[in-house]
Amino acid sequence: MDQPPPSEGSRQAPLRPEIVAEHRYYPPPRKSSLGRLLLVFVLLVLFGSVVLNLLLFVALGVKNLGAIEDAGRVREEFVMGNRSGDEKIAVISIEGTILGGEGFFKRQIDHAAREAAKGKLKAIVVRVNSPGGTITGSDYMLHHLRELSKKSNLPMVVSMGGIAASGGYYVSMCVGDTPDAIFAEPTTWTGSIGVLIPNYNFAELMERWGISDNTVASGPLKTMGSFAHPMTPEEQKIFQELVDDGFHQFKEVIMQGRPNFRKDPESLDRVATGQIFTANQALENGLIDKIGFIEDAVDRVARIAGLSADDIQVVKYKSIPNLSEILFGASQTKPSLELAAILDAATPRAYYLCTRLPAFVRNEN
């Protein structure tokens, strides 16, 4: 049945489409497979690093079994010759500035003495690459080298490296009267025979900066050599006597190790001026015997000892690392800057040293 059309007053508004917001489900973003692979890779690398470090630590522990007990001793490293040879020649190294001598140098001496007592060591080459150092340290080294040679009845030859000056030349006198026993490389600098006591006067600089020296001392000579005041004539005289005494000892040691200077002391006076000499100049002035490398020194000491050339094993001494060196790679043979070294440098001291400044580092030699 048809409905009547709506009246004018009751006419309805036209129908409009209702817009309804559409709600869609968006799944959470998926993690990139590449990112996950990268994360896995990083974790594996970290894990592998930990495992590798543990393995290295174990390997080092096995390799250096007893290193904690043997720390401070030395091990032998093959250098040249026949690795399985029975005739062993040891190279004892003197490297860098000489301060005390009680460190690695003394450990080399003790190890060589033990090997000689067992009959394993037949001869020694002393490898010197040093500008010298303190009088006491240089004399300490010379004394123990001589004692080793005498007590073990081992022939000894010196091989000079880049520099073997002042105290470095002093310790080279360990060969005594052995003929043709001091070798210098073609580029070696040697000589520098003499003594020095470094002293610096900062008095004017301190006055300019308003710094005063209020040191309390028991007597006027207790502070002699201080950088806080100029050196007095009395202090100068005392220091000169100390230098002269050390210089006299230096020349006496040279005459014990160089027969040519015993026969002609004036020829020693001509070269004992503190001058540095090249290898050729040193040879001309009788300071060395031969120009050659360490191989030539080895050949010479082998001939002196009567060793078979085919049966020679040459070894060099190396320091056995202690636990801290194994873990952290620290080396006790490297010089290190220390407060004690700075204080030592500030102490008036006589040196057999080829330098214009005292050493500010400690060295195991």
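F227 lies in the loop between α6 (203–208) and α7 (233–257); helices (H or I, at least four residues) and strands (E, at least two) are DSSP runs, numbered from the N terminus. The model is predicted, so local features need pLDDT of at least 70 and side-chain atom pairs count only at pLDDT 80 or more, while totals for chains, interfaces and linings use all residues. Residues are numbered from 1 along each chain as its sequence is written, and side-chain values use heavy atoms, with hydrogens and water left out.

With a relative accessible area of 43%, F227 is partly exposed, because that term covers values between buried (under 20% relative accessible area) and exposed (over 50%), with a 1.4 Å probe and protein chains only.

Turning to the interior, helix α3 (residues 104–117) is largely enclosed by the rest of the structure, because 10 of its 14 residues are buried. Among them are F104, F105, I109 and A112, along with K106, R107 and E115. The cover over the buried residues of α3 includes β1 (74–81), β2 (87–95), β3 (121–130), α4 (135–152) and β10 (312–319). From first C-alpha to last, α3 reaches 20 Å, close to the 20 Å expected at 1.5 Å a residue; the expected span is 1.5 Å times one less than the number of residues. After α3 comes G119, whose phi is positive, near 80 degrees.

Helix α4 has 18 residues and reaches 26 Å, close to the 26 Å expected. Its buried residues include M141, L142, L145 and L148. N153, which follows α4, has a positive phi near 55 degrees.

Strand β5 (residues 156–165) is mostly covered, with 8 of its 10 residues buried. Strands pair if DSSP finds at least two bridges between them. β5 runs parallel to β3, joined by 6 bridges, and S159 in β5 is the bridge partner of R127.

Notes
Contact = heavy atoms within 4.5 Å.
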